[in-house]
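Please look over the structure below. A short walk through its parts comes after it.

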Amino acid sequence: MAVDRREFLSGAALLALALGIPVAAVRLSDMADADLPTARQRVLAREVSQLVIPRTGTPGAGEVGVGDFLILALAHGLDGSREPASASSPAGEPMPLRPDGSLDHLLWLERTLDRAGGGDFLGAAPQARAAMLAKLDATAFPPGPPPADPSPWALVKGLILTGYYTSQTGAAQELRYELVPGRFDNDIPLTPGYRAWSSDWTAVEFG
Amino acid sequence: MQHQFDAIVVGSGITGGWAAKELTEAGLKVLMIERGRKIEHQVDYDTETKAPWELPFRGLGDAALYAREYAVQRKNRHFNEFTEGHFVNDKDNPYETGADTDFTWFRSYQLGGRSLTWGRQCYRWSDYDFGANKRDGHGTDWPIRYAELAPWYDKVEEFVGVSGAKEGLAQLPDGHFQPPMALNVVEQAVRERIAAQWPERCLTVGRTANLTEAKEAEGRSHCQYRSICARGCSYGAYFSTQSSTLPAATKTGLLTVVTDAQVEKVDYDPKTRRVTGVRWIETKTGARKAATARLVFLNAGAFNSVHLLLNSASEAMPNGLANGSGVLGTHIMDHANTLSVIAEFPGFSDRTSFGNRPTGIVIPRFRNLETLDGQGFTRGYSYQGGALQSGWSRGKRMAGTGAGFKDDLQQVGPWRMVLVTFAESLPRASNRLTLGKATDPRGVPQLEVHFAHGAEEHAALADAKEQAAVMMTAAGGKVLMGMDRPGPGGSAIHEMGGARMGWDPQTSVLDRFSRAHQVANLYVTDGAQMSSSACQNPSLTYMALTARACAHAVEQMRAGVI
Ligand SMILES: Cc1cc2nc3c(=O)[nH]c(=O)nc-3n(C[C@H](O)[C@H](O)[C@H](O)COP(=O)(O)OP(=O)(O)OC[C@H]3O[C@@H](n4cnc5c(N)ncnc54)[C@H](O)[C@@H]3O)c2cc1C
Ligand code: SF4
């Protein structure tokens with residue numbers, strides 16, 4: 001069952017208020033009804049985000065609303081997520097497509113993880129969930145050159161990272177953010193514990 | 001005939017701003033007409049100070065919207081949620097391409113044009129460039145040489161404020177520079193290691209229109225090292241129409257600016273053999289307007305100026321205004337460009353930098369200088385790029401989840417060097433602009449682009465890839481990847497030509513002063529005038545040619561010729 005749009009939006013707004021981030025940052029504006037996730041998928045998106053970037057000294061990705069960002073990003077086709085996709089995986093399994101021919105990444109993720117979890121990923125113990133996700137990740141990123149036909153997980157993970165490191169928490173607490181450096185120090189020591197700058201736009205672009 | 005203005009300037013971008021400044025400062029009453037919206041310096045840079053988390057799509061932008069309305073612009077890496085307001089809406093401003101043409105035309109239709117969004121790299125051309133057509137027979141000989149343009153380069157560089165290092169290279173003449181920005185530790189090492197092995201190859205910091213010293217008289221501060229220039233810069237620290245030429249022109253009290261006005265035609269009077277003014281469509285109301293002037297400067301951006309000339313055909317000039325030669329629209333160019341190498345540089349993991357330097361490095365041309373040593377190509381190429389340390393986005397390529405992964409991404413990543421090649425594009429008659437069959441939403445015929453890179457450009461990029469790998473390896477880098485196929489035409493955003501300059505009215509559109517051979521009071525001083533493309537970023541040369549053409553026009557007016 002799909003989440004009611006109003007409930008969904010107000011949920012996002014509440015979350016935003018609780019975390020003290022501007023509502024605009026998590027507004028799921030302009031989403032077609034068909035793109036709205038089920039309540040379970042929304043929980044899943046949050047949980048998976050949190051597993052990729054958990055709470056350490058700073059809050060994790062699920063806690064700062066990256067699950068909802070992921071849903072919005074996938075609906076709007078960020079990082080090419082609404083390009084036409086193939087109807088079966090390289091291994092021949094059927095892939096869930098949206099009516100426009102793009103992969104329904106969220107449904108794919110839900111099915112893949114549920115299968116790994118013996119039918120209910122979210123019902124598994126926290127340790128087990130982390131292990132299942134780590135396994136999915138290891139398959140998607142094998143050692144050596146990147147696979148010619150990347151797993152949909154690569155795109156989902158990328159959007160989770162974007163969501164987190166462009167959130168105020170990720171960009172300015174976990175990393176450092178300085179809009180106006182005011183100078184260029186061309187050669188300074190890099191000491192252990194030196195935190196990277198999320199505002200180094202070239203670094204982010206050419207990663 | 002009583003004219004409303006002394007001069008009309010069509011377009012307010014890099015060259016239109018210069019024309020308005022030079023002509024008003026010479027005492028002329030000028031009308032500058034711009035098809036896009038008004039953007040006021042400082043006041044209208046809406047996203048300048050925004051953080052990613054303050055934007056709904058975190059700076060990446062709404063890909064669904066982009067697919068619908070910015071189908072071309074979205075392919076430009078400088079186009080994103082911060083800068084989308086500074087690029088053209090493709091749906092409202094369509095163009096056509098020929099059957100085998102893939103051409104991405106990156107445009108900014110607004111007050112300031114692409115002066116707001118440009119990469120600010122400023123390089124002089126040399127006689128290797130102005131002499132190129134004569135030397136190998138492609139295209140038509142340039143009717144000017146470096147010595148004639150040198151004082152105009154001095155003039156524009158001084159006003160623009162170009163920071164850079166003098167290197168004494170014949171192929172990339174030194175200019176009137178502000179102090180250079182510094183190389184980072186890897187770039188400095190690579191510079192030295194390349195020079196040790198190839199004395200004729202010079203890695204130097206990008207010469208850029210970002211101020212390292214304030215220009216207080218003009219209200220422009222020195223650069224704050226943010227590298228977010230295309231959002232607009234309230235410090236006025238990079239050169240744009242808004243920060244530089246427009247205030248200067250406005251100060252004279254002689255400038256009238258009209259925005260949201262798409263010029264449709266230039267009027268020509270066959271009796272006097274002069275242009276008399278221009279006609280435009282108010283884009284907000286659809287109303288048609290006109291104005292007259294003694295002098296017309298076309299600065300709409302190379303392809304748009306050619307479009308205007310083609311669309312201004314009349315009974316007296318049925319093939320297009322000033323097109324007695326029949327070459328109008330032909331010999332368009334755009335540098336063939338590609339990412340030639342990415343290399344990792346171990347050995348510097350204990351060094352970093354702070355601040356965002358808004359320029360990279362350049363390795364000027366070293367092929368086909370005194371001797372023709374290119375295999376399958378007779379022109380030049382040069383590299384731009386730089387060394388950087390990767391950031392959190394490297395996580396998109398890495399295995400890992402959980403706390404360890406997060407801690408990893410908190411650290412600065414490894415050093416890598418990136419080199420992008422710009423290879424000279426040969427002027428070919430088959431690469432050309434025509435009027436298409438369809439019209440835009442305002443009823444103006446669309447421009448149609450026919451373009452393909454040739455064997456020479458492919459050969460140059462193949463050599464560039466090989467040499468990039470050799471140099472990176474010699475400098476201690478580990479090559480990760482490199483490419484030798486050019487992007488689609490337009491990728492370099494250095495589209496030019498179509499109304500080339502030449503000695504002969506039978507084979508060229510413009511004379512050596514950027515003036516139409518056939519029409520003594522019509523000047524085209526943007527990229528349309530270029531007879532060859534060199535491999536340097538072209539805008540500084542457009543500016544120098546514009547300032548020179550303005551002086552010529554003013555002289556002609558004073559002498560009573562115009
Ligand atoms: C992302 C990017 C990076 C770049 N980097 C560099 C660089 O590093 N170095 C370099 O040299 N160049 C660079 N360029 C190219 C540079 O921007 C152009 O060469 C330069 O702006 C051309 O100046 P112009 O005055 O001819 O045209 P523009 O600056 O494009 O201005 C033309 C103006 O005319 C207006 N116009 C068009 N048609 C009409 C009409 N019919 N009626 C009324 N107005 C009209 C347009 O709206 C526009 O405002 C870059 C461009 C981009 C987009
Ligand atoms: S880098 Fe310099 S010029 Fe660019 S926006 Fe920042 S202060 Fe302005």
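The model is predicted. Start with chain B. Its domain assignment gives two parts. Domain 1 is made of the stretches 1-53, 110-161, 239-335, 434-451 and 493-562. Domain 2 takes 169-213, 336-423 and 453-488. Taken over C-alpha atoms, the centres of domain 1 and domain 2 of chain B are 32 Å apart. The two domains touch: 31 residues of domain 1 of chain B are in contact with 36 residues of domain 2 of chain B.

Now turn to the cores. The largest nonpolar core has 122 residues. B:Leu321, B:Phe345 and B:Leu522 have the most contacts inside it. Domain 1 and domain 2 of chain B both give residues to this core, so it lies between them. Look at B:Leu321. Setting aside neighbours within four places in sequence, its contacts include B:Val266, B:Tyr268, B:Val275, B:Leu309 and B:Leu328. B:Leu321 also contacts B:Ser312, B:Ala313, B:Val519 and B:Leu522. A second core is separate and has 49 residues. Among them are A:Ile71, A:Leu78, A:Met95 and B:Leu409.

How values were computed:
Residues numbered from 1 in each chain as written. Chains lettered and ligands numbered in written order. Predicted model: local features only at pLDDT ≥ 70, side-chain atom pairs only at ≥ 80, totals over all residues. Heavy atoms only, no water. Core = buried A, V, L, I, M, F, W, Y, C linked by side-chain atoms within 4.5 Å. Buried < 20%, exposed > 50% of the residue type's maximum accessible area, 1.4 Å probe, protein only. Domains from an automatic or database assignment. Contact = heavy atoms within 4.5 Å.
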